[in-house]
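Subject: Handover of a structure for your study

Dear colleague,

Please find below the structure that I am passing on to you.

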There are 2 protein chains.
Amino acid sequence: MGDTVQMPFTETRPVPEAPIEPVCCAPASREAIGTDEAERLARLLKAVADPARLRLVSLVAAHADLEACVCDLTEPLGLSQPTVSHHLKVLVDAGILTRDKRGTWAYYRLVPGALGSLAERVLGL
Amino acid sequence: MGDTVQMPFTETRPVPEAPIEPVCCAPASREAIGTDEAERLARLLKAVADPARLRLVSLVAAHADLEACVCDLTEPLGLSQPTVSHHLKVLVDAGILTRDKRGTWAYYRLVPGALGSLAERVLGL
DNA sequence: CCCATAAATTGACATCCATCGATGCAATGG
DNA sequence: CCATTGCATCGATGGATGTCAATTTATGGG
């Protein structure tokens, strides 16, 4: 601990705007997003970062009255009914779809602003 | 095989616009996205659907000259250097970041239109 | 030359996740 | 009251994924 050794090396890297900085890290000019915000956003993105779920969202949005039941979605997706129900649950839990059970059927519907700009621009809905 | 049994049940569901439909599935009014398009989009979304990678993108965008090396990102992320390098590789492979090695350091930079509306609107960059 | 530093790669590990078959449960019609 | 249909849940399973320690590779300085 009582070493009198000077800093062994510590190369200086050419910092573009602030040439006084002794070490690597130049300071950020703006604020980056926090960990909690990142986790919240990641949860939403994970919900749609799947081919089956993207197609589900698109299929529901493309359907006649903007709603669809599981039996409407199983065949065009080419997946088993339990798998489709699983994906729908993920989307509902993420706040992207709503579930409305009427009689024997369960109708799924898009939550209007849930996907933000994603739906209108990226997905072209 | 030679059964003469009639259709056993086949309940009719109230279809909102087309009351003639005999079975469940009402036709889609618009086209849904295809499987290949869904997979392509899902790959891009998977790349950012992670808290660490979201913060990496945000940190790079918030940095002084809009570029940053690994040593700039390891500490604020609180992850090991190999893990940060791994996430950066995922982002580069997805076409979201570019890697430019100058000397000992590797500088990462945002690809302008890669995230589409995601960057400007959802991430607030 | 050898060493120090930056970063990528490797290997291992734990966890998550997409998928399916089987089962359970609710509602509806006969 | 039973059979059928739509849908959710359970259990299992194979594959992807996030993380780290250890190692390797590249670069530059003494």
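A polar contact is a pair of N or O atoms within 3.5 Å; within protein, one atom must be able to donate a hydrogen and the other to accept it, and residues adjacent in sequence count only if both atoms are side-chain atoms. This is a predicted model, in which local features need pLDDT of at least 70 and side-chain atom pairs count only at pLDDT 80 or more, while totals for chains, interfaces and linings use all residues. Residues are numbered from 1 along each chain as its sequence is written, chains are lettered from A and ligands numbered from 1 in the order in which they are written, and side-chain values use heavy atoms, with hydrogens and water left out.

For the side chain of B:Arg99, the distance from an N or O atom to a phosphate oxygen is 3.0 Å, and for that of A:His86 it is 3.4 Å.

DNA strand C is surrounded by 26 residues (a residue is near a strand if one of its heavy atoms lies within 4 Å of it). Among the closest are A:Arg53 and B:Tyr108.

Finally, A:Arg102 lies over the face of A:Tyr107, at 3.9 Å from the ring centre (a charge sits over a ring if NZ of Lys or CZ of Arg is within 6 Å of the ring centre and within 35 degrees of the ring normal). In chain B, B:Arg102 lies over the face of B:Tyr107, also at 3.9 Å.

Yours sincerely
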